[in-house]
Amino acid sequence: MKHINPLAPSQKASRPAILGWLLFDWACQPFFTLVTTFVFAPYFASALASDPVSGQSLWGYATAAAGLVLAILSPVLGSIADATGPKKPWIAACGLVLVIASLALWYAAPGQPNAIAIALIGFAFGTVAVEVAAVFNNAMIPHLVPPERYGRLSGTGWAMGYLGGLVSLVIVLGFLAADPASMKTVFGLDPLFGLDPGTREGDRVTGPFSALWFLVFVLPLFFVTPDVPRSGMSLKAAAQKGVSQVKNTIADARRHESVGRFLLANMVYQDALVALFAFGGIYGAGVFGWQAIELGLFGIMLTITGTIGALIGGRLDDRIGAKPVILSSIVILALVCVGVLSLGRDTIFFVVPTMPPAPDDGLYGSAPEKVFVLLGLVIGAVAGPLQASSRSLLARLVPAQEAGRYFGLLALSGKVTSFLAPLAVAVATAIFQTQAAGPAMLILFLLVGFWLLSGVKRA
């Protein structure tokens, strides 16, 4: 029985239905913003691991392991979801895993037995869950709006995600997470609920906070957004068909030059982007010694530029096409990596010496720190358009009734080697004993991704 697109080409879902879909990105983003990037990851490197270098390596191995699992699960589950029809039950199952994994992060306390293992396992399981859930959410795009609005819908979704990350970051840093030295939050307040800065409870609470945030804001998706109709196929039969379709989907993508080449390009540049975000906060904490206030304000500024970039990028996507947006984003990210590589604690642009910050210079007092902040804002501005245009490009290239398996393949292409860039960063960091090895490895990934995408015929 064939899948049925609930929307004719000239129709669109209601505004509440669209909002429910958009809130999925809002619901998931605190896990990426608080746990993966700006709060928990730097806490892991600076307080749990023995030193920032080993912390970056361990975090890289956990990211790589999660990417390997995603590479296996995403296309299979996407094909099974296509065979059964509805996507929401799969999102609910992944959400349950995400909530449990996020709650576990609270128990990764300094000095506690198995704290490092709890942190890494919770992070890895949460990453797998939230990324797989995104496969099913992305597969709903062709069933909500006509093709000429894919770019705007996707870009608005990413902007909603960034905005959700911004709001959650302000709440955590302003009211919950305090600097261990000053015992105050960014707003100069005592942490709410008696959270103890000495045992880093404000950093660890990001796990439960992300879980609660997801539970609250994902509900509109289930109540007001239409799902794909059921196919009538049993789960067992769908599983058998889904597994068999993975090979067919890969073969179809290889025969379809545009799809195949795009997926290869996505595999490479998304790998670099994942690593860039995974190690951004850790790099700032390790190289410049940033604490919660510096990292938090950096994250707030980055998410503001990310929100603006995603909104503008979505509209550019519908106007000039997804391919030019993606290519431009890759070039800018490669230049950013060169800029980050040129920074040291006392130098900029590789050889230009700088004066150390004076005690009254305030936050980001040194010139290298200021340049790093500027580069981070650029990353935020282009990362949203890069990711949003990637999913809108695929939505235009594949049949709506097969979106699940192709978005599963998109996740596969984004994750099948997603362990390589974090692994390359981890190994290079361990070998050369410098965090500067990270951006050096990512430049190569971005350049290869640009070359592959440049050969895609349709945009």
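Modeller: Let's start with a side chain that reaches back to the backbone: a polar atom of the Ser329 side chain lies 2.8 Å from the backbone oxygen of Val325. A polar contact is a pair of N or O atoms within 3.5 Å; within protein, one must be able to donate a hydrogen and the other to accept it, and residues adjacent in sequence count only if both atoms are side-chain atoms. Ser329 belongs to helix H13, residues 322–341. Helices here are DSSP runs of H or I with at least four residues, numbered from the N terminus. Ser329 counts as buried because its relative accessible area is 4%; buried means under 20%, exposed over 50%, and partly exposed in between, with a 1.4 Å probe and protein chains only.

A word on the model: it is predicted, so local features need pLDDT of at least 70 and side-chain atom pairs count only at pLDDT 80 or more, while totals for chains, interfaces and linings use all residues. Residues are numbered from 1 along each chain as its sequence is written, and side-chain values use heavy atoms, leaving out hydrogens and water.

Most residues other than glycine have a negative phi. Asn114 is not a glycine, yet has a positive phi of about 65°. Asn114 sits in the loop between helix H4 (88–104) and helix H5 (115–138), and is exposed because its relative accessibility is 57%. Arg200, also not a glycine, has a positive phi of about 55°. Arg200 lies in the loop between H6 and H7, and is buried, with a relative accessible area of 13%.

Key. Helices (H or I, at least four residues) and strands (E, at least two) are DSSP runs, numbered from the N terminus.
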